[in-house]
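Hi everyone, thanks for coming. Today I'd like to walk you through one protein model, step by step. Have a look at it first, and then we'll start with a single residue.

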Amino acid sequence: MTEITIRRATPDDAADVAAMVREIAAHEDQAAQVHVTDEQWRALLGRPEVIVLLAERGGRAVGYVSSVRQLHLWTGGDVLNLDDLYVRPGHRDAGAGRQLMAALAALAAPGRLLIRWGMEVDNVDAQRFYHRLGASLRPKILAAWPPSAYADLATGH
């Protein structure tokens with residue numbers, strides 16, 4: 001098998017990134033939640049705070065890790081909020097995920113940025129993977145407040 005290379009995605013990679021985002025969403029039964037078009041991905045990948053690293057094998061995208069650099073108000077510094085780590089079927093268990101995480105760590109290291117993320121409680125494979133990397137895992141409930149749920153409150157404040 002050819003070697004895996006990691007590089008930062010550019011706007012020209014929008015179609016590959018969008019395709020893999022749709023794949024992970026489908027895998028998580030969340031396909032209906034994905035609304036970003038290839039063209040929107042072109043714009044997103046041009047933003048400096050949006051970090052998407054691609055794993056490639058033989059010039060073909062086989063995985064990605066995505067994060068957003070964001071101000072953390074408690075520390076006054078930045079953090080990297082990891083959104084997704086995804087490796088396509090047929091390329092898993094070959095080190096791509098670990099290489100993607102290592103490359104993200106290398107980007108965070110100069111600024112000593114905290115990298116944080118969430119995962120589903122029942123995703124024990126992911127928990128095991130992240131624990132092996134040295135991540136601390138702690139339970140936390142994540143809330144999502146869609147506009148349809150807060151619209152009445154916002155207009156009646």
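Let's begin with Asp29, which is exposed, with a relative accessible area of 70%. For these words, buried means under 20% relative accessible area, exposed means over 50%, and partly exposed is in between, using a 1.4 Å probe and protein chains only. Where does Asp29 lie? Asp29 sits in the loop between H1 and H2. When I say helix or strand, I mean DSSP runs numbered from the N terminus: helices are H or I with at least four residues, and strands are E with at least two.

Before going on, a word on what you're looking at: this is a predicted model, where local features need pLDDT of at least 70 and side-chain atom pairs count only at pLDDT 80 or more, while totals for chains, interfaces and linings use all residues. Residues are numbered from 1 along each chain as its sequence is written, and side-chain values use heavy atoms, with hydrogens and water left out.

Back to Asp29. Its phi is positive, about 55 degrees, although Asp29 is not a glycine. Why point that out? Most residues other than glycine have a negative phi. Asp93 is another case, with a positive phi of about 60 degrees, and it is not a glycine either. You'll find Asp93 in the loop between E4 and helix H3 (96-108), and Asp93 is exposed, at a relative accessible area of 87%.

Asp29 also belongs to a group. Together with Glu28, Glu120 and Asp122, Asp29 gathers in a patch of negative charge on the surface. A patch here is made of residues with over 30% relative accessible area and no salt bridge; like charges are joined within 9 Å, and nonpolar side chains (Val, Leu, Ile, Met, Phe, Trp, Tyr) within 5 Å. Asp and Glu count as negative, Lys and Arg as positive, and His and the chain ends are not counted. The place of a charge is taken as CG of Asp, CD of Glu, NZ of Lys or CZ of Arg.

Leu71, Leu73 and Trp74 make a nonpolar surface patch of about 470 Å², with areas from the Shrake-Rupley method and a 1.4 Å probe, where for residues only the protein chains shown count as cover. Leu73 is in the loop between strand E3 (60-72) and strand E4 (77-87), and Leu73 is exposed at a relative accessible area of 73%.

Now let's zoom out. How many helices and strands does the protein have? The secondary structure comes to five helices and five strands. From the N terminus on, the elements run β-α-α-β-β-β-α-β-α-α. The radius of gyration is 17 Å, close to the 15 Å that the globule rule gives for 157 residues, so the protein is as compact as a globular protein of that length. That radius is taken over C-alpha atoms, and the rule is 2.2 Å times the number of residues to the power 0.38. Along its principal axes, the C-alpha trace spans about 60 × 35 × 30 Å. Buried residues make up 31% of the 157 residues.

Next, salt bridges. The structure holds nine of them, each a side-chain nitrogen of Lys or Arg within 4 Å of a carboxyl oxygen of Asp or Glu. One of them joins the side chains of Glu56 and Arg7, at 3.0 Å, N to O. Glu56 lies in strand E2 (residues 50-57) and Arg7 in strand E1 (residues 4-8), so this pair ties together parts that are 49 residues apart in sequence. Is Glu56 buried or exposed? Glu56 is buried, with a relative accessible area of 12%, whereas Arg7 is partly exposed at 31%.

Another salt bridge brings together the side chains of Arg42 and Asp12 (3.5 Å, N to O). This pair links distant parts of the chain, 30 residues apart: Arg42 is in helix H2 (residues 38-45), and Asp12 is in the loop between E1 and helix H1 (14-27). Arg42 is partly exposed at 34%, while Asp12 is exposed at 64%.
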